[in-house]
Amino acid sequence: MPTSSSLPSTHRSTPGLVERTATGSDNYVWRRLAPLADILRMSTSKRSVKTRGRPRRQKFGNPRLEEQIHDPYRSSTKLRTPRRCPGCGATYLRGHWRWGGLTPPATATMVCPACHRVNDRYPAGEVIVSGSFAMAHADEILNLLRNVEATENREHPLHRIMDVRRSGGTIEVTTTDVHLPRRMGHALEDAWHGVLKTHYDEQGYYARVTWERND
Ligand SMILES: [Zn+2]
(Lines give C-alpha, C1' and ligand atoms only; values in the text may rest on other atoms or scores of the structure.)
Protein backbone atom coordinates (compact mmCIF):
# COMPACT_ATOMS: atom_id res chain seq x y z
CA MET A 1 0.00 0.00 0.00
CA PRO A 2 1.59 3.31 -1.02
CA THR A 3 1.83 6.03 1.54
CA SER A 4 -0.08 9.24 1.07
CA SER A 5 3.06 11.29 1.05
CA SER A 6 4.57 9.41 -1.88
CA LEU A 7 1.76 10.20 -4.30
CA PRO A 8 0.10 13.41 -5.49
CA SER A 9 -3.47 13.89 -4.33
CA THR A 10 -4.85 13.43 -7.86
CA HIS A 11 -3.09 10.12 -8.44
CA ARG A 12 -5.05 7.03 -9.30
CA SER A 13 -3.47 3.67 -9.53
CA THR A 14 -4.83 1.35 -12.21
CA PRO A 15 -7.85 3.23 -13.62
CA GLY A 16 -11.05 1.86 -12.16
CA LEU A 17 -9.23 -0.60 -9.95
CA VAL A 18 -8.28 1.40 -6.90
CA GLU A 19 -9.53 4.82 -5.97
CA ARG A 20 -7.97 7.14 -3.48
CA THR A 21 -10.15 9.69 -1.77
CA ALA A 22 -9.03 12.49 0.50
CA THR A 23 -10.56 12.38 3.96
CA GLY A 24 -8.52 15.12 5.55
CA SER A 25 -5.60 17.40 4.94
CA ASP A 26 -3.17 14.53 4.51
CA ASN A 27 -5.18 11.37 5.14
CA TYR A 28 -6.34 9.13 2.35
CA VAL A 29 -8.43 5.99 2.12
CA TRP A 30 -7.59 3.49 -0.61
CA ARG A 31 -10.71 1.75 -1.71
CA ARG A 32 -10.75 -1.21 -4.08
CA LEU A 33 -13.65 -0.67 -6.48
CA ALA A 34 -13.91 -4.24 -7.72
CA PRO A 35 -11.86 -7.41 -7.48
CA LEU A 36 -9.17 -7.58 -10.14
CA ALA A 37 -10.60 -10.77 -11.58
CA ASP A 38 -13.98 -9.07 -12.11
CA ILE A 39 -12.39 -6.14 -13.88
CA LEU A 40 -10.39 -8.41 -16.16
CA ARG A 41 -13.56 -10.34 -16.90
CA MET A 42 -15.39 -7.11 -17.76
CA SER A 43 -12.62 -6.01 -20.11
CA THR A 44 -12.78 -9.29 -22.03
CA SER A 45 -16.47 -10.07 -21.64
CA LYS A 46 -17.28 -9.40 -25.29
CA ARG A 47 -14.67 -11.89 -26.50
CA SER A 48 -15.60 -14.38 -23.81
CA VAL A 49 -19.24 -14.43 -24.85
CA LYS A 50 -18.35 -14.99 -28.50
CA THR A 51 -15.98 -17.88 -27.91
CA ARG A 52 -17.41 -19.49 -24.82
CA GLY A 53 -17.97 -23.21 -25.21
CA ARG A 54 -16.88 -23.32 -28.83
CA PRO A 55 -14.04 -25.72 -29.62
CA ARG A 56 -11.17 -24.39 -31.69
CA ARG A 57 -11.81 -26.93 -34.42
CA GLN A 58 -15.54 -27.04 -35.11
CA LYS A 59 -16.28 -30.72 -35.16
CA PHE A 60 -19.95 -30.34 -35.86
CA GLY A 61 -19.90 -27.71 -38.55
CA ASN A 62 -21.01 -24.16 -38.66
CA PRO A 63 -23.26 -23.39 -35.66
CA ARG A 64 -25.10 -20.81 -37.71
CA LEU A 65 -26.36 -23.55 -39.98
CA GLU A 66 -28.84 -24.61 -37.34
CA GLU A 67 -31.00 -21.92 -38.92
CA GLN A 68 -31.12 -23.45 -42.35
CA ILE A 69 -34.56 -22.03 -43.01
CA HIS A 70 -32.72 -18.85 -44.04
CA ASP A 71 -30.95 -20.65 -46.88
CA PRO A 72 -32.67 -19.25 -49.98
CA TYR A 73 -32.32 -22.64 -51.69
CA ARG A 74 -34.19 -24.51 -49.00
CA SER A 75 -37.90 -24.55 -48.38
CA SER A 76 -38.83 -22.86 -45.11
CA THR A 77 -41.80 -25.19 -44.65
CA LYS A 78 -41.87 -28.98 -44.70
CA LEU A 79 -43.94 -30.31 -47.56
CA ARG A 80 -46.40 -33.02 -46.61
CA THR A 81 -46.16 -35.15 -49.73
CA PRO A 82 -42.99 -36.94 -50.91
CA ARG A 83 -41.19 -35.49 -53.95
CA ARG A 84 -38.65 -36.74 -56.42
CA CYS A 85 -36.00 -34.54 -57.96
CA PRO A 86 -36.18 -34.87 -61.78
CA GLY A 87 -32.52 -33.87 -62.00
CA CYS A 88 -30.75 -36.38 -59.74
CA GLY A 89 -33.47 -38.74 -58.56
CA ALA A 90 -33.11 -37.91 -54.86
CA THR A 91 -36.27 -38.27 -52.81
CA TYR A 92 -37.68 -35.69 -50.46
CA LEU A 93 -39.50 -37.03 -47.44
CA ARG A 94 -40.50 -35.21 -44.25
CA GLY A 95 -38.08 -32.35 -44.69
CA HIS A 96 -35.05 -34.39 -45.80
CA TRP A 97 -33.50 -35.41 -49.10
CA ARG A 98 -32.16 -38.93 -49.44
CA TRP A 99 -31.21 -41.47 -52.06
CA GLY A 100 -33.47 -44.40 -52.66
CA GLY A 101 -37.03 -44.52 -53.84
CA LEU A 102 -40.28 -44.95 -52.03
CA THR A 103 -43.01 -47.55 -52.27
CA PRO A 104 -45.23 -46.42 -53.83
CA PRO A 105 -42.93 -44.06 -55.76
CA ALA A 106 -43.28 -40.34 -55.22
CA THR A 107 -45.41 -38.96 -58.01
CA ALA A 108 -44.82 -35.26 -57.34
CA THR A 109 -41.57 -33.69 -58.42
CA MET A 110 -39.43 -30.89 -57.03
CA VAL A 111 -35.95 -29.81 -58.04
CA CYS A 112 -33.64 -30.42 -55.09
CA PRO A 113 -31.54 -27.53 -53.73
CA ALA A 114 -28.31 -29.07 -55.09
CA CYS A 115 -29.64 -29.39 -58.65
CA HIS A 116 -31.16 -25.94 -58.29
CA ARG A 117 -27.77 -24.46 -57.42
CA VAL A 118 -26.07 -26.35 -60.26
CA ASN A 119 -28.68 -25.03 -62.69
CA ASP A 120 -28.16 -21.50 -61.39
CA ARG A 121 -24.38 -21.96 -61.26
CA TYR A 122 -24.60 -20.61 -57.74
CA PRO A 123 -22.29 -22.54 -55.38
CA ALA A 124 -22.67 -22.62 -51.59
CA GLY A 125 -18.99 -23.10 -50.89
CA GLU A 126 -15.51 -23.41 -52.30
CA VAL A 127 -12.15 -24.97 -51.59
CA ILE A 128 -9.09 -23.16 -52.93
CA VAL A 129 -5.89 -25.21 -52.98
CA SER A 130 -2.57 -23.52 -53.60
CA GLY A 131 1.17 -23.79 -53.06
CA SER A 132 4.06 -25.51 -54.80
CA PHE A 133 3.51 -28.82 -52.99
CA ALA A 134 -0.17 -28.75 -53.89
CA MET A 135 0.54 -28.09 -57.55
CA ALA A 136 3.06 -30.92 -57.68
CA HIS A 137 0.45 -33.31 -56.23
CA ALA A 138 -2.64 -31.91 -57.92
CA ASP A 139 -3.94 -35.26 -59.16
CA GLU A 140 -3.66 -36.91 -55.74
CA ILE A 141 -5.35 -33.93 -54.15
CA LEU A 142 -8.24 -34.01 -56.59
CA ASN A 143 -8.63 -37.75 -56.01
CA LEU A 144 -8.83 -37.15 -52.28
CA LEU A 145 -11.44 -34.41 -52.74
CA ARG A 146 -13.50 -36.66 -55.01
CA ASN A 147 -13.35 -39.43 -52.43
CA VAL A 148 -14.53 -37.08 -49.70
CA GLU A 149 -17.41 -36.04 -51.91
CA ALA A 150 -18.37 -39.65 -52.68
CA THR A 151 -18.36 -40.59 -48.99
CA GLU A 152 -20.39 -37.56 -47.99
CA ASN A 153 -22.82 -37.86 -50.86
CA ARG A 154 -23.86 -41.38 -49.92
CA GLU A 155 -25.54 -40.03 -46.79
CA HIS A 156 -26.20 -36.48 -47.93
CA PRO A 157 -27.51 -36.20 -51.50
CA LEU A 158 -27.23 -32.42 -51.44
CA HIS A 159 -23.49 -32.44 -50.74
CA ARG A 160 -21.76 -32.38 -54.12
CA ILE A 161 -18.88 -30.95 -56.05
CA MET A 162 -20.23 -28.45 -58.53
CA ASP A 163 -17.16 -27.49 -60.51
CA VAL A 164 -13.38 -27.99 -60.56
CA ARG A 165 -11.06 -25.40 -62.07
CA ARG A 166 -7.29 -25.57 -62.35
CA SER A 167 -5.71 -22.27 -63.26
CA GLY A 168 -2.29 -20.81 -62.60
CA GLY A 169 -1.16 -21.95 -59.19
CA THR A 170 -4.54 -22.92 -57.75
CA ILE A 171 -7.20 -25.59 -57.83
CA GLU A 172 -10.69 -24.24 -57.15
CA VAL A 173 -13.49 -26.62 -56.24
CA THR A 174 -17.01 -25.31 -55.76
CA THR A 175 -19.74 -27.21 -53.93
CA THR A 176 -23.52 -27.30 -53.69
CA ASP A 177 -23.49 -27.08 -49.88
CA VAL A 178 -21.57 -25.42 -47.07
CA HIS A 179 -20.46 -28.60 -45.27
CA LEU A 180 -18.39 -30.31 -47.95
CA PRO A 181 -15.64 -27.63 -48.15
CA ARG A 182 -14.87 -28.02 -44.46
CA ARG A 183 -14.74 -31.82 -44.72
CA MET A 184 -12.43 -31.53 -47.71
CA GLY A 185 -10.22 -29.05 -45.90
CA HIS A 186 -9.83 -31.35 -42.90
CA ALA A 187 -9.09 -34.30 -45.18
CA LEU A 188 -6.30 -32.29 -46.85
CA GLU A 189 -4.92 -31.26 -43.49
CA ASP A 190 -5.05 -34.81 -42.15
CA ALA A 191 -3.30 -36.17 -45.24
CA TRP A 192 -0.62 -33.55 -45.87
CA HIS A 193 -0.76 -31.01 -43.03
CA GLY A 194 -0.35 -27.59 -44.71
CA VAL A 195 -2.20 -24.43 -43.73
CA LEU A 196 -5.98 -24.68 -43.55
CA LYS A 197 -8.31 -21.70 -43.17
CA THR A 198 -12.09 -21.82 -43.00
CA HIS A 199 -14.41 -18.88 -43.30
CA TYR A 200 -18.19 -18.68 -43.25
CA ASP A 201 -20.08 -15.57 -44.25
CA GLU A 202 -22.20 -13.81 -41.65
CA GLN A 203 -25.41 -15.70 -42.43
CA GLY A 204 -23.71 -19.06 -42.89
CA TYR A 205 -24.80 -19.21 -46.55
CA TYR A 206 -21.30 -19.58 -47.92
CA ALA A 207 -18.22 -21.51 -46.84
CA ARG A 208 -14.77 -20.63 -48.12
CA VAL A 209 -11.90 -22.98 -47.31
CA THR A 210 -8.32 -22.39 -48.34
CA TRP A 211 -5.53 -24.92 -48.04
CA GLU A 212 -1.92 -24.19 -48.90
CA ARG A 213 1.36 -26.04 -48.74
CA ASN A 214 4.67 -24.82 -50.11
CA ASP A 215 7.66 -27.12 -50.09
ZN1 LIG B 1 -31.55 -33.05 -57.58
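View 1. Within β9, T174 is the bridge partner of D163. The model is a predicted one: local features need pLDDT of at least 70, side-chain atom pairs count only at pLDDT 80 or more, and totals for chains, interfaces and linings use all residues. Residues are numbered from 1 along each chain as its sequence is written. Helices (H or I, at least four residues) and strands (E, at least two) are DSSP runs, numbered from the N terminus; two strands pair if DSSP finds at least two bridges between them. Strand β8 (residues 161-167) is joined to β9 by 6 bridges, and the two run antiparallel. V164 lies opposite V173 in β9. β8 and β9 make a hairpin with 2 residues between them, and G168 in the turn has a positive phi of about 55°. β7 and β9 also pair over 6 bridges, in the antiparallel sense. T174 of β9 is the bridge partner of E126, and E172 of β9 is that of I128.

**View 2. The sheet of 5 strands.** This open sheet has the strand order β8-β9-β7-β11-β10, and its pairing is mixed. The edges are taken by β8 and β10, each with a single partner strand, so one side of each has no neighbour in the sheet. On average, neighbouring strands of this sheet are turned by 10° against each other, direction ignored; axes are lines fitted to C-alpha atoms, for helices over the stretch in contact, and angles run from 0 to 180 degrees between N-to-C directions. β7 is joined to strand β11 (residues 207-212) by 6 bridges, and these two run parallel. A207 of β11 is the bridge partner of G125. β10 and β11 pair over 6 bridges in the antiparallel sense, and L196 stands opposite W211 in β11.

View 3. Helix α5 (residues 138-155) has 18 residues and, at 1.5 Å a residue, should span 26 Å; its end C-alpha atoms are 27 Å apart, which agrees. The expected span of a helix is 1.5 Å times one less than its number of residues. Helix α5 lies across β7, β8 and β9, and runs at about 10° to β9. The buried residues of α5 pack against β7 (125-130), α4 (132-136), β9 (170-175) and α6 (180-192); two residues are in contact if their C-beta atoms, placed from the backbone, lie within 7 Å.

View 4. A residue is buried if 20 or more other C-beta atoms lie within 10 Å of its own, exposed if 12 or fewer, and partly exposed in between, with C-beta atoms placed from the backbone. I141, L145, V148 and E152 are buried in α5. Seen down the axis of α5, these buried residues fall within an arc of 60°, so they line one face of the helix; the arc is that of the directions from the helix axis to the C-beta atoms. An α-helix has 3.6 residues a turn, so residues three or four places apart point the same way. On the face of α5 turned away from its buried side are the exposed residues D139, E140, N143, N147, A150 and R154.

**View 5. The sheet of 4 strands.** Here the strands form an open sheet in the order β5-β4-β3-β6, with mixed pairing. β5 (96-98) and β6 (108-109) stand at the edges with a single partner strand each, so one side of each is left without a neighbour in the sheet. Strand β4 (residues 91-93) is joined to β5 by 3 bridges, and the two run antiparallel. W97 in β5 is the bridge partner of Y92.

View 6. Most residues other than glycine have a negative phi, and most peptide bonds are trans. R94, in the loop between β4 and β5, is not a glycine but has a positive phi of about 45°. R94 counts as exposed because it has 9 C-beta neighbours inside 10 Å. In the loop between β5 and β6 lies P104, which is joined to T103 by a cis peptide bond with omega about -5°. H193, in the loop between α6 and β10 (195-200), has a positive phi near 60° and is a residue other than glycine. With 12 other C-beta atoms within 10 Å, H193 is exposed.
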